[in-house]
Amino acid sequence: MTPTQLILRRTGLLAFGCLCALGLSAAAPAPKIVLFLGNSITAGYGLDLSVAFPALIQKKIDAKGWNFKVVNAGQSGDTSAGGLGRLDWLLKNRVDVLVLELGGNDGLRGLPVEVTRKNLQAIIDRTRTRYPKAKVIIAGMMVPPNMGRDYSSRFGAIFPDLAKKNKASLIPFILEGVGGMEKLNLPDGIHPTAKGHEIVAANVWKVLEPVLKTLR
């Protein structure tokens, strides 16, 4: 074999190898998207994003070797109306699972319960219109007793009612085991510490894991 033929052969093998690598890369399935749409709890207020519960959920997913990508769309201070207002931008990218963690700030501000309910329903409707197969998980929330027994009761009922109506999964109370626990919250008494986020992640994972299993 002449030197020229040898060079051509090696070049051809190299090109073939590159094409094979590209082919394998192209064949790898894109990860399914888990969108966390929430307020300061999701955003990990006062902490690094790496210790907020959505990041901890990603670690749980990775430990399973599952092909899902968590997108943290938490925004501190956000209300149900605020989440609805930025939803169209978020839906430009595919959503396979929507974890809806909004409404808490509505309650703290004493906003009308039916307004909150309407906004959350609109978020679910708009998501499913764009992505009909998207799974929805609703994170339940409670308000402090100083909001009054009637308001607290009607507010707390929003989340299980919406879950039932929309055949969505429900996290009964996302801050279960954390809310009201001084050592698990920042000095403001509202936002979880890093340890608190570990418990929140466990609360979410109990509901999210079975949903992800159905999508694998």
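This is a predicted model: local features need pLDDT of at least 70, side-chain atom pairs count only at pLDDT 80 or more; totals for chains, interfaces and linings use all residues.
Modeller: Local features here need pLDDT of at least 70 and side-chain atom pairs count only at pLDDT 80 or more, while totals for chains, interfaces and linings use all residues. Residues are numbered from 1 along each chain as its sequence is written, and side-chain values use heavy atoms, with hydrogens and water left out.

Biologist: What span does helix H9 reach, and what is expected?

Modeller: H9 (residues 194-215) has 22 residues and reaches 29 Å from first to last C-alpha, close to the expected 32 Å. The expected span is 1.5 Å times one less than the number of residues; a helix is a DSSP run of H or I, at least four residues, numbered from the N terminus.

Biologist: Where does H9 bend?

Modeller: At tryptophan 205, by about 40°. The bend is the angle between axes fitted to the seven residues ending there and the seven starting there.

Biologist: Why are H3 and H9 called oblique to each other?

Modeller: H3 (residues 53-64) and H9 pack at about 50°, with axes 9 Å apart. Angles under 35 degrees count as roughly parallel, over 145 as roughly antiparallel, 65 to 115 as roughly perpendicular and the rest as oblique, so H3 and H9 are oblique.

Biologist: Which residues of H3 make the contact with H9?

Modeller: Phe53, Leu56, Ile57, Lys60, Ile61 and Lys64, where contact means heavy atoms within 4.5 Å. On the H9 side, Trp205 is among them.

Technical notes:
Helices (H or I, at least four residues) and strands (E, at least two) are DSSP runs, numbered from the N terminus. Axes are lines fitted to C-alpha atoms, for helices over the stretch in contact, and angles run from 0 to 180 degrees between N-to-C directions.
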